[in-house]
Amino acid sequence: REMQKRQWIASTPVQQSSRDVESAQIYHISKVETRRRVSPQPNQQTGQPQTTSWPMWPFRLWQIYTCLVYVGAGFGKLDAGVWQNGTALYWIWYEEGSLRFVPDFLKDWLFNRLFFIKLQTWLSLAIEMGCFVFIWPMATRKWAFIAVVVLHIGIEMALLMHIFEYISVLGWVCFFAFPNDSPDGKADAGFARDTPTIMASTNSLLVKTDSNDEGDDTKKSAVKKSTTKTKQHSFASWSKAALSPKIIVESVVALTLLYVFFIDTLPLSSINDFMPPPLPRTTTKMWRPARQGIRRLAKLTGIQTGPWTVFSGKPPHFHARLTAVIHFNNGTSILWKLPEWSDQSFLQRDIDEWSGSFYYYLAKEYTGQVEAIPYYASFAMYLAKHYSNGGITVDHDNDKKIVISDDNKLRSISIMSHQKTGTDPPARMGNWFIPMPRGWTYQDECQYVLRLRKLEETETLTDLLEYNEEVPFHRQSHCNTYDEMEDKIHMTGTYIPNEDEDEEDEEGSSDETVMRTW
């Protein structure tokens, strides 16, 4: 068709009648109309031609929501001091398992030298703040996509984010989905842009060639008349298509979801910090009623996420794990602990992803809190049933009654949490290219003690999981009965280095400082 159009333009004489000009306009309109992606086989039920194209509005919705995610992430970081001063990636060095694909010497240079830490921090912030703007113009879309992909490759190399970075890149791939109306079913990314350009250049060519001949006014009026008819015809076709029930329903659904996503995910508190003084109060008054209602609707429909202020503060620099000492009636004891993450294979890490995350957040978020009693009690009962070899069971058919047999050999179980936190960077570094001093703070704390006497007094598992907010934690967790003789066993699973390791650190070149806190 393109070759026929060019041959037609080349063979057309300069002097044309208004009828020929109108025929040229109709030719281009018909070309656009015939490029609709319609299958030649009609629907067997309705007899109407069936389309093989996908609706564009889900892609637009995904594109906009992807941008909203990065608006929240960008403004959340921009409002944080560690991202403003360029030290946010300083804490990546502390993350367990981070930089697992990076050699040690490169890790030391990229994340232990202030110059490269600031450079990476500010580049990451610039990409997150600019990607949702430069992804829309076609001239910058490819470069914005490349920058986002490079950013997420760095996230994959540096952090443990599971499949977050892959899903994020998939959202940006949606920006390369274009409206496709070609009849052969092949993608035509340039159709939405090229067709108006071709029609405009052809119209200007016809008007220009006619203006150099006699009867210019007649020719121009004929072109204007035919163009007006074409516009009327196009507007009538568009109006008829726009009023179809399917388009109306899809538009209402898309706009409703977009409105809910926009209200729910926009980080208003972070954006207000960059507004002039009168505006934050005004926007808060206008925004708060709508947000409260929208969040109820989003929560009811299961799509509530809130602002995506991912890593808006300090990145993870905290380690936590649990140990349990199982004491038997014959006086022997064994230690339960999770395997060392650094000693596991990649496959085993993925297998233990969810169980490891459960124990990690249990030791991190629920230490010394009364609300954590049911979690630690359940964990203690799990260990009791496992290590008693059937001596302790729960009869779920009889109101979850705890049954202790005569051949039970288990005496007690004590659970302790171990934590270590990376220290902050120095307030001032004179040389940006020397290794930065680092250190850890350690804390070990009893979380729960389960004794056989307590189980004998407790009738059901439900009674064991109950707690009272008025009673102190150490009494309800029975840590006031903790046997300090078990410390030596628990400390084999602690983060605190032993004396031999301390001596090696003093002899070596490590800048790590050990600070112990009980």
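Over the face of which residue does lysine 77 lie? Lysine 77 lies over the face of tryptophan 83, at 5.4 Å from the ring centre. A charge counts as over a ring if NZ of Lys or CZ of Arg is within 6 Å of the ring centre and within 35 degrees of the ring normal.

The model is predicted, with local features needing pLDDT of at least 70 and side-chain atom pairs pLDDT 80 or more, while totals for chains, interfaces and linings use all residues. Residues are numbered from 1 along each chain as its sequence is written, and side-chain values use heavy atoms, with hydrogens and water left out.

Lysine 77 also takes part in a salt bridge, and its partner is glutamate 128. The closest N and O atoms of this pair are 3.2 Å apart. A salt bridge here is a side-chain nitrogen of Lys or Arg within 4 Å of a carboxyl oxygen of Asp or Glu. The pair links distant parts of the chain: lysine 77 is in helix H3 (residues 57-78), glutamate 128 is in helix H6 (residues 114-134), and 51 residues separate them. Helices (H or I, at least four residues) and strands (E, at least two) are DSSP runs, numbered from the N terminus. Lysine 77 is buried at 4% relative accessibility. Glutamate 128 is buried too, at 8%. Buried means under 20% relative accessible area, exposed over 50%, and partly exposed in between (1.4 Å probe, protein chains only).

The structure holds 3 salt bridges. One of them joins arginine 113 to aspartate 108, with the closest N and O atoms 2.6 Å apart. Arginine 113 is buried, at 8%, whereas aspartate 108 is partly exposed, at 26%. Another joins arginine 321 to glutamate 340, at 3.0 Å between the closest N and O atoms. This pair links distant parts of the chain, 19 residues apart. Arginine 321 is in strand E3 (residues 318-328), and glutamate 340 is in the loop between strand E4 (333-337) and helix H14 (346-351). Arginine 321 counts as buried, at 19%. Glutamate 340 is partly exposed, at 27%. Arginine 321 also lies over the face of tyrosine 495, at 3.9 Å from the ring centre.

Aromatic rings were examined next. The count comes to 19 aromatic pairs. Among them, tryptophan 93 and tyrosine 94 are edge-to-face, at 5.5 Å centre to centre and 80° between the planes. Rings of Phe, Tyr and Trp (its six-membered ring) pair if their centres lie within 6.5 Å; planes under 30 degrees apart count as stacked, over 60 as edge-to-face and the rest as tilted. Tryptophan 93 is partly exposed, at 26%, but tyrosine 94 is buried, at 2%. Phenylalanine 145 and phenylalanine 176 are also edge-to-face, at 5.1 Å and 75°. Phenylalanine 145 is in helix H7 (residues 138-158), while phenylalanine 176 is in the loop between helix H8 (164-173) and helix H9 (191-210). Tyr90, Trp91, Trp93, Tyr94 and Trp440 form one aromatic cluster.

The structure holds 1 cavity of 30 Å³ or more. On a 1 Å grid over the protein atoms alone, a cavity is a set of points where a 1.4 Å probe fits but cannot get out; lining residues have an atom within 4 Å of a point. Strand E7 (410-422) gives the largest share of the lining, 4 residues. The lining has 7 nonpolar, 1 polar and 2 charged residues. Ala, Val, Leu, Ile, Met, Phe, Trp, Tyr, Cys and Pro count as nonpolar, Asp, Glu, Lys and Arg as charged, and the others, Gly among them, as polar.

Note on methods:
On a 1 Å grid over the protein atoms alone, a cavity is a set of points where a 1.4 Å probe fits but cannot get out, and a pocket is an open set with protein on both sides within 12 Å along at least five of seven lines; lining residues have an atom within 4 Å of a point. Grid points are joined across faces, edges and corners, and a volume is the space filled by probe spheres set on the points.
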